[in-house]
Amino acid sequence: MARIYNFSAGPAVLPEEVLKEAAAEMLDYNGTGMSVMEMSHRSKAYDTIIKEAEQDLRDLLNIPENYKVLFLQGGASLVFASVPMNLMKNRKAGYILTGQWAKKAFAEAKIYGEAVELASSADKTFSYIPDCSDLPITDDMDYVYICENNTIYGTKFHTLPDTKGKPLVADLSSCFLSEPIDVTKYGMLYAGVQKNVGPAGVQIVIIREDLISDECLPGTPTMMKYKTHADNDSLYNTPPTYGIYICGKVFKWLKKMGGLQAMKEYNEKKAKILYDFLDESKLFKGTVRKEDRSLMNVPFVTGNEELDAKFVKEAKAAGLESLKGHRTVGGMRASIYNAMPMEGVEKLVEFMKKFEKENL
C-alpha cells in the first residue's frame with residue numbers, strides 16, 4: 001500500500017528517508033550484527049549514537065556550552081511536574097495560558113507551589129496570543145512558563161514574553177527544530193519529540209547549567225532530578241535508546257536539508273499555500289488571529305459540524321489522514337511538521353477546493 005499524507009498532531013509524520021534508513025539497519029546496525037533496540041546503552045556503538053545525536057542537536061540550535069542537553073524518558077506531560085520540582089525554589093512561578101497544554105502544566109505546578117496566571121487567551125478559545133510585553137511578574141517568582149506553539153489551537157508566540165529577568169521555561173514540543181531560535185533567551189526549553197522529531201517516549205530538555213541543582217523540592221524522585229541526568233550524560237539508567245537513535249537520524253536529515261533556516265523557509269512556503277487558500281475560501285475558514293498563526297498546526301472549520309465530519313471522512317478516503325480537529329475546537333486541523341512534504345499540503349488544498357465546489 002502506498003504511504004498516505006499523515007496530518008496527525010502526534011505521533012506524527014517522520015521523514016521517509018529516515019524510516020527507510022532505520023528499516024535497512026533494523027537487523028544489523030553498522031556491522032554490529034544486532035538491532036539498536038537490542039543494544040546495551042553502555043556499549044561503544046550506542047555511546048557513539050547518543051553522543052553524535054547530542055552534537056548534531058547542538059550544531060542545529062547553536063546551543064551554548066553552558067546549557068546541558070538531556071535525553072529523557074516520558075513525554076512533555078511528565079515535564080509539567082519536573083519543572084516545578086526542579087525550579088520552583090520559592091514555590092512561586094508565573095504561567096501564560098494559551099491552550100490545553102499550558103493549562104495542564106499550570107494545574108500541575110499548583111500541586112507544588114503558587115502558580116500565578118500572568119495572561120490568558122481563554123476568553124476567545126485560545127485563538128490568539130495575549131500581549132506579554134508588561135506582565136505582572138513579581139520578584140519572588142522562580143520562572144515564567146509558556147507553551148510556545150499550541151498544537152490544538154494553532155497559535156504561536158512569534159515574540160517571546162518579557163520575563164523581567166526571570167528564566168523563561170518553554171514547551172516547544174510542536175515547533176521544535178522548525179526554525180532557528182536563540183537558546184540564550186530561555187532558561188530551559190523542552191520538547192516531547194513525537195510531533196516534529198521522533199517516536200513517542202522521549203523528551204529533550206535543554207537547560208542552563210545554573211538552573212540545575214541538588215536543591216529540588218522535598219520528595220522529588222531521583223529520576224525526576226535534572227542533576228541526576230546532567231551528571232550522567234543522559235545515561236544514569238537505560239534511556240529510550242531506539243527513540244534517541246531515530247531522533248539522531250532526524251537531526252542528520254535536518255542538517256542535510258540545510259539546517260533550521262532552510263527548514264523555516266520551507267515551512268513558511270508550505271503554510272502559505274494552506275493559509276492563502278483559507279483566507280480566500282468561501283467554505284473554510286481558519287480559527288486563529290492572523291499574526292499569531294502557527295506554521296506547524298493549522299485548525300480550520302466550515303461552520304457546520306455535519307459538513308466538517310463529511311470532509312474528514314472523504315479526506316481519509318482520498319489518502320489525507322488524521323484531519324479531525326481536537327474536540328475543544330472542532331472542525332479540522334492539519335499538522336504540517338518538518339517531515340510533511342510540500343506535495344502533501346498541495347494535495348490537501350486541491351482536495352479542499354474540490355470539496356468546496358461540491359458542497360457550497
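Throughout this tour, buried means under 20% relative accessible area, exposed means over 50%, and partly exposed is what falls in between, with a 1.4 Å probe and protein chains only. The model is predicted, and local features need pLDDT of at least 70, side-chain atom pairs count only at pLDDT 80 or more, while totals for chains, interfaces and linings use all residues. Residues are numbered from 1 along each chain as its sequence is written, and side-chain values use heavy atoms, with hydrogens and water left out.

**Stop 1**

Select N30, which has a place in the loop between helix 1 and helix 2; helices (H or I, at least four residues) and strands (E, at least two) are DSSP runs, numbered from the N terminus. At 65% relative accessibility, N30 counts as exposed, and its phi is positive, about 50°, although N30 is not a glycine. Most residues other than glycine have a negative phi, and most peptide bonds are trans.

In the loop between helix 1 (16-24) and helix 2 (44-61), select L27 as well, which is exposed with a relative accessible area of 74%. Together with M26 and M37, L27 makes a nonpolar surface patch of about 330 Å². Such patches are made of residues with over 30% relative accessible area and no salt bridge, where like charges are joined within 9 Å and nonpolar side chains (Val, Leu, Ile, Met, Phe, Trp, Tyr) within 5 Å.

**Stop 2**

Go back to G10 and P11, which are joined by a cis peptide bond with omega of about -5°; P11 lies in the loop between strand 1 (5-6) and helix 1. Then select T125, in the loop between strand 4 and strand 5, where phi is positive at about 50° although T125 is not a glycine. T125 counts as partly exposed, at 48% relative accessibility.

**Stop 3**

Which residues does K249 touch, not counting residues up to four places away in sequence? They are V18, E21, A22 and E25, where contact means heavy atoms within 4.5 Å. K249 lies in helix 6 (residues 241-256) and is buried, with a relative accessible area of 13%. Its side chain meets that of E25 in a salt bridge of 3.2 Å, N to O; a salt bridge is a side-chain nitrogen of Lys or Arg within 4 Å of a carboxyl oxygen of Asp or Glu. Because K249 lies in helix 6 and E25 in the loop between helix 1 and helix 2, the pair ties together parts that are 224 residues apart in sequence.

The structure holds 26 salt bridges. Another to select is the one between K51 and D47, at 2.8 Å, N to O; these two residues are four apart in helix 2 and so are separated by about one helical turn. D47 counts as partly exposed, at 26% relative accessibility.

Next, select K164 and D134, whose side chains meet in a salt bridge of 2.8 Å, N to O. K164 lies in the loop between strand 7 (155-156) and strand 8 (168-171) and D134 in the loop between strand 4 (114-120) and strand 5 (144-147), so the pair ties together parts that are 30 residues apart in sequence. K164 is partly exposed, with a relative accessible area of 41%, whereas D134 is exposed, at 61%. To end this stop, select E52, D56, D59, K252 and K255, which are linked in a network of salt bridges.

**Stop 4: the rings around F311**

The structure holds 14 aromatic pairs; rings of Phe, Tyr and Trp (its six-membered ring) pair if their centres lie within 6.5 Å, and planes under 30 degrees apart count as stacked, over 60 as edge-to-face and the rest as tilted. Select F284 and F311, whose ring centres are 5.2 Å apart with planes at 70°, so that the pair is edge-to-face. F284 lies in the loop between helix 7 (259-280) and strand 11 (285-286) and F311 in helix 8 (residues 305-317), so the pair ties together parts that are 27 residues apart in sequence. Both F284 and F311 are buried.

How values were computed:
Areas by Shrake-Rupley, 256 points an atom, 1.4 Å probe, with all protein chains shown as cover.
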